[in-house]
Amino acid sequence: MDPRWANTGSTLASFMFIWAVIRPYLPYRLESIVAKYTAKIFRFLDPNIQLKIHEYAGERFKRSEVFLIIQSYLAANTSQSAKRLKAEMGKDSDNLLISMDEHEQVNDEFKGAKFHWSYHKSTSRAPTTSPFYSEQEEQRHYYCLTFHKRHRQLVTDCYLHHVVEQGKANKVKNRQRRLYTNSRDRYSFRSTKEWSHVVFEHPATFQTLAMDPEKKGEIIEDLTTFRNAKDYYAKIGKAWKRGYLLYGPPGTGKSTMIAAMANFLQFDVYDLELTAVKDNMELRKLLIEITSKSIIVLEDIDCSLDMSVKRTDKAKESKDKDGDEKKDPPRRPDREEISKVTLSGLLNFIDGLWSACGGERIIVITTNHVEKLDAALIRRGRMDKHIELSYCSFEGFKVLAKNYLDIDSHPLFGNIQQLLEETTITPADVAENLMPRSSLATEGNVTTCLGNLIHALQKAKEEALRKAEEEEIRLKAEQNGETTLMDNKGKKGDGEIGNNENRKSIV
């Protein structure tokens, strides 16, 4: 080896030893100056560029959102090759987040370029006002991205955007999803908290949903298209949201459908109670607080709108009768009396300018009586897709039989299919009859459950025939100018009342 290289190594080793000895005694400012010029020398010689993402930026006690996104990206994409790992409970998650430990480095590749990620802990000394300590140490963690300077443009244009998007997707995938509702003070009508939440743990999926397979596949395809259509919505100049109208008789699975949609998309659910909202301004505030990747639910919308209309009509009648509005004496506020959400405010909530605040939202409206809804509320553009959830079909029954009894076929299926074609029954009633008395799906339990369903279908068929016969008799009586037995009783009673009055007048 050339003696000059050996002397250089000895010189560097001596310099490092001396620096380690004298560093604790150097003033803070002098140490900063030495570190500054040393870093300049190394930057001049090193062709690589370093980008640091610190754990705390701005607010000292709040972790940087970018840092958490990078952590999520590295945990899923690059930490599999790391040898030193750490595990911690992720924010809003029940799962452990595995990431690389301090001073560990992993490699990443993007469009042919190689990148190096490392995780470090830095210790800095800062002056303090304490009379006992002249300096105090602060420990900060950060991620460091190292890449060659020829990839600078690629990093700023594409790679960082790729990392952020993938990190956000990983966070959403592993997050603990929530079910939100709007709450208020019972007596003062003031919102104690804009949204309160619980963990969303509904087990419903499209696989367990009892409905026609063709219609189910159409809904799944529509949801998938919406989830991947961010660029398309931006191209056509439309807010990234979609409206669904679910209508049908009670017990046909409207709430179950919402849970299946949320589990399929991995979205949070915001259950909006309109009768608990004071006015249109408060409704707008609630909208602003709703995050992206969420489903906004307005269940039984026809009932809420009916209450609003009744309150409006009562106010108009009182004003017309008295000539002017009278001041009511102070009393305890009541939910129906002071809720002033109007149809116009609701339409602006669904499809107005404020509805574009935050993207990737789905608005679901449910009703048992679609004919009662205002045409402006359910028009295309607000409620883009109308889904009718009707009575149970044979295909839906087979899904329920698989869920509850774990069977695909049975000799009694033919009788059940014939009865389902002749009468109507909701999926909820079918599921109740298929519920076994024990957790063991034995042959005896299966036959008993199917027999219970057949009995319920026969009973529903007989009830429907009886109602049809009564309706037919009533229609024939109206056509012939005759009256039914109940009408005759009513007339007889009216006659007796009249005779009594005549007797009184004679006396």
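His141 sits in strand E6, residues 135–148, where strands (E, at least two residues) and helices (H or I, at least four) are DSSP runs numbered from the N terminus. At a relative accessible area of 18%, His141 is buried; buried here means under 20% relative accessible area, exposed means over 50%, and partly exposed is what lies in between, with a 1.4 Å probe and protein chains only. The side chain of His141 makes a polar contact of 3.0 Å with that of Glu102. Such a contact is a pair of N or O atoms within 3.5 Å; within protein, one must be able to donate a hydrogen and the other to accept it, and residues adjacent in sequence count only if both atoms are side-chain atoms. If you skip the neighbours within four places in sequence, the residues in contact with His141 (heavy atoms within 4.5 Å) are His54, Glu55, Phe67, Glu102, Tyr119, His120 and Lys121.

A word on the ground rules: this is a predicted model, so local features need pLDDT of at least 70 and side-chain atom pairs count only at pLDDT 80 or more, while totals for chains, interfaces and linings use all residues. Residues are numbered from 1 along each chain as its sequence is written, and side-chain values use heavy atoms, with hydrogens and water left out.

Now step back to the whole chain. The protein chain has 17 helices and 13 strands, and buried residues make up 34% of its 507 residues. Take the contacts between residues at least 6 apart in sequence: 68% of them join residues at least 24 apart. The chain exposes about 32,500 Å², with carbon and sulfur atoms supplying 53% of that; the areas come from the Shrake-Rupley method with a 1.4 Å probe, and for residues only the protein chains shown count as cover.

Next, have a look at strand E9, residues 241–247. Six of the seven residues in E9 are buried, so the strand is mostly covered. E9 pairs with strand E12 (residues 361–367) in the parallel sense over seven bridges, and strands count as paired if DSSP finds at least two bridges between them. In that pairing, Leu246 stands opposite Thr366 of E12. E9 also runs parallel to E13, and four bridges join the two. Here Leu245 has His386 as its bridge partner, and Tyr247 has Glu388.

Ile350 belongs to helix H11. How accessible is Ile350? At 0% relative accessibility, Ile350 counts as buried. Beyond neighbours within four places in sequence, its contacts are Lys241, Ser355, Ile363, Ile365, Leu377, Arg382 and Met383. Ile350 and Val364 are 14 residues apart in sequence, and their C-alpha atoms are 9.9 Å apart in space.

Between H11 (343–351) and E12 there is a loop, and Glu360 is found in it. Glu360 has a positive phi, near 55°, in a residue other than glycine. Most residues other than glycine have a negative phi. Lys111 also has a positive phi, about 55°, although it is not a glycine. The loop that holds Lys111 lies between strand E4 (104–110) and strand E5 (113–127). Which of the two is buried, and which is exposed? Lys111 is exposed, with a relative accessible area of 63%, whereas Glu360 counts as buried at 6%.

Helix H15 takes up residues 427–434, and its buried residues are Pro427, Val430, Ala431, Asn433 and Leu434. They cover an arc of only 165° around the axis, which puts them on the same side of H15; the arc is that of the directions from the helix axis to the C-beta atoms. Among what covers these buried residues are helix H13 (394–405) and helix H16 (443–479).

Finally, the cysteines. Cys392 is buried, with a relative accessible area of 6%, and Cys449 is buried too, at 4%. How many disulfides does the whole structure hold? A search finds zero, with a disulfide taken as a pair of cysteine sulfur atoms within 2.5 Å.
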